[in-house]
Amino acid sequence: MEAAALERFHSPGKGSGLRSRRSVRPGELLYRDVPFAYVLSKQQLGSVCERCLRRNENLHRCSQCKVAKYCGRSCQKEAWLDHKQECKCLKSIEPNFPPDSVRLAGRIVFKLLRQSVCPSERLYSFSDLQSNTERLSEEMKDGLRHLAQTLQLYLKTEIQDESQLPPAIDFFQIFTKEGNF
């Protein structure tokens, strides 16, 4: 089903949603697109190509950070735009390694800074996601503040001064966004 066959709607008290504009058969694929951002979990690193996500025993690692691994040159080249800044950040914090959520938030920040348009944003963009801060306990907020500080340290080689980021990029708020689907 094409994105045009789907429509966004607001459901009071529940947030935003998607619905079909036509009848749907059971099991029919409604929508598929590339993600805005993704990372492999720490457990998958080394056994899955960072670009095509295929399992492979003979992956080639990035010569710079030595973390990212690829099937071959074509996957590595295709991934370079997303990996270039991340690569510098990973090298800068060796021997430490950031949590998966911090790596993902880093990729989101870099993509927002590049003002890169992703096909998946035809229906929703990152700015459309809603913050759920008011529903979080103080303990959860403290945990997210800690993640935001970890993100700031992780990105330090690429972003020296967080105050110079556009207002739409708030390290804490990135961790509180949800799609409400």
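1. Salt bridges come first: the structure holds 13 of them, where a salt bridge is a side-chain nitrogen of Lys or Arg within 4 Å of a carboxyl oxygen of Asp or Glu. This is a predicted model, in which local features need pLDDT of at least 70 and side-chain atom pairs count only at pLDDT 80 or more, while totals for chains, interfaces and linings use all residues. Residues are numbered from 1 along each chain as its sequence is written, and side-chain values use heavy atoms, with hydrogens and water left out.

2. Glu7 forms a salt bridge with Arg19, and the closest N and O atoms of this pair are 2.8 Å apart. Because Glu7 lies in strand β1 and Arg19 in strand β2, the pair ties together parts that are twelve residues apart in sequence. Glu7 is partly exposed, with a relative accessible area of 25%, and Arg19 is also partly exposed, at 41%; here buried means under 20% relative accessible area, exposed over 50%, and partly exposed in between, using a 1.4 Å probe and protein chains only.

3. The two strands that hold this pair run antiparallel, with six bridges joining β1 (residues 6–11) to β2 (residues 15–20). Strands are DSSP runs of E with at least two residues, helices are runs of H or I with at least four, and both are numbered from the N terminus; two strands pair if DSSP finds at least two bridges between them. Leu6 has Ser20 as its bridge partner in β2, and the hairpin leaves three residues between the strands, with Gly13 in the turn taking a positive phi of about 80 degrees.

4. A salt bridge also joins the side chains of Glu28 and Arg22, at 2.6 Å from N to O. Which of these two residues is buried? Glu28 counts as buried, at 17% relative accessibility, whereas Arg22 is partly exposed, with a relative accessible area of 40%.

5. Arg114 and Asp82 form a salt bridge whose closest N and O atoms are 2.9 Å apart, and this pair links distant parts of the chain, with Arg114 in helix α2 and Asp82 in helix α1, 32 residues apart. Elsewhere, Glu50, Glu86, Asp100, Arg103 and Arg107 are linked in a network of salt bridges.

6. Helix α2 (residues 100–114) has 15 residues and reaches 21 Å from its first C-alpha to its last, close to the expected 21 Å, the expected span being 1.5 Å times one less than the number of residues. Its buried residues, among them Val102, Ile108 and Phe110, pack against α1 (73–92), α3 (138–154) and α4 (171–174). Just after α2, Gln115 takes a positive phi of about 55 degrees.

7. Thr176, found in the loop between α4 and β6 (177–178), counts as buried at 1% relative accessibility. Its side chain joins that of Ser131 in a polar contact of 3.0 Å, a term for a pair of N or O atoms within 3.5 Å in which, within protein, one must be able to donate a hydrogen and the other to accept it, and residues adjacent in sequence count only if both atoms are side-chain atoms.

8. How many disulfides does a search of the whole structure find? The search finds zero, a disulfide being a pair of cysteine sulfur atoms within 2.5 Å. For Cys52, the nearest cysteine sulfur, that of Cys71, is 3.5 Å away.

How values were computed: Contact means heavy atoms within 4.5 Å.
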